[in-house]
Amino acid sequence: VAFRDPTRHEEIEMLLESYLQVIDDISDRAKLLDEAIDDIQDLMSLHADTLRNRLMWLDLMVGRTNMCILFCSMIATTCSVNFANVPAFDNPWGKWCFLAVAIVVGIISIGGAYINMLMLRLKGLQSN
């Protein structure tokens with residue numbers, strides 16, 4: 001059995017250096033992947049915040065539209081329940097004035113709802 005010379009270890013040194021380079025390369029790649037994952041998490045967080053803001057804005061606009069429609073509904077309900085008890089109806093022009101006010105309020109309410117729906121469409125939150 002032939003023995004090696006104990007002073008000749010260049011081959012083992014080269015082998016260990018190549019392993020060290022591979023380990024350094026893998027370590028660098030792992031660091032890059034960790035940074036890329038952090039960046040992607042930040043981007044996803046920003047995207048989620050944007051979507052949450054859009055949903056909040058949509059909720060606000062739907063609430064405003066409901067308020068406009070419910071205001072008109074409130075006047076119609078008040079008129080239908082208390083139609084005979086309106087004091088202005090004693091005046092000959094009272095019924096027509098009351099009807100004109102109700103129509104104007106209805107037009108304003110429906111117009112406000114329509115404007116809100118247009119704003120939703122312009123923001124891209126409502127489809128056709």
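N116 touches M61, R64, T65 and C68, leaving aside residues up to four places away in sequence; a contact means heavy atoms within 4.5 Å. N116 lies in helix 2 and counts as buried, at 2% relative accessibility. Buried means under 20% relative accessible area, exposed over 50%, and partly exposed in between (1.4 Å probe, protein chains only).

This is a predicted model: local features need pLDDT of at least 70, side-chain atom pairs count only at pLDDT 80 or more, and totals for chains, interfaces and linings use all residues. Residues are numbered from 1 along each chain as its sequence is written, and side-chain values use heavy atoms, with hydrogens and water left out.

**Overall fold**

- The chain has two helices and zero strands. Helices (H or I, at least four residues) and strands (E, at least two) are DSSP runs, numbered from the N terminus.
- Helix 1 covers residues 10–81, and helix 2 covers residues 94–123.
- Of the chain's 128 residues, 11% count as buried.
- Among contacts with a separation of 6 or more, 68% join residues 24 or more positions apart.
- The chain's accessible surface comes to about 11,000 Å². Carbon and sulfur atoms hold 68% of that surface. Accessible areas come from the Shrake-Rupley method with a 1.4 Å probe; for residues, only the protein chains shown count as cover.

**L58 and L120**

- L58 sits in helix 1. L58 is partly exposed, with a relative accessible area of 26%.
- L58 and L120 are 62 residues apart along the chain. Their C-alpha atoms are separated by 7.3 Å.

**Salt bridges**

- The structure holds two salt bridges. The term means a side-chain nitrogen of Lys or Arg within 4 Å of a carboxyl oxygen of Asp or Glu.
- Side chains of opposite charge can pair when their charged atoms come close.
- R29 and D25 are four residues apart in helix 1, so about one helical turn separates them.
- R29 is exposed, at 55% relative accessibility. D25 is partly exposed, at 36%.
- R52 forms a salt bridge with D49, and their closest N and O atoms are 2.1 Å apart. R52 and D49 are three residues apart in helix 1, so about one helical turn separates them.
- R52 is partly exposed, with a relative accessible area of 46%. D49 is also partly exposed, at 29% relative accessibility.

**Surface patches**

- Patches are made of residues with over 30% relative accessible area and no salt bridge. Like charges are joined within 9 Å, and nonpolar side chains (Val, Leu, Ile, Met, Phe, Trp, Tyr) within 5 Å.
- W93, W96, L99, I103 and I107 form a nonpolar surface patch. Together they have about 620 Å² of accessible area.
- W96, one of the patch residues, lies in helix 2. W96 counts as exposed, because its relative accessible area is 56%.
- D34, E35, D38, D39 and D42 form a negative surface patch. Lys and Arg count as positive and Asp and Glu as negative; His and the chain ends are not counted. The place of a charge is taken as NZ of Lys, CZ of Arg, CG of Asp or CD of Glu.
- D38, one of the negative patch residues, is in helix 1. D38 is partly exposed, at 36% relative accessibility.
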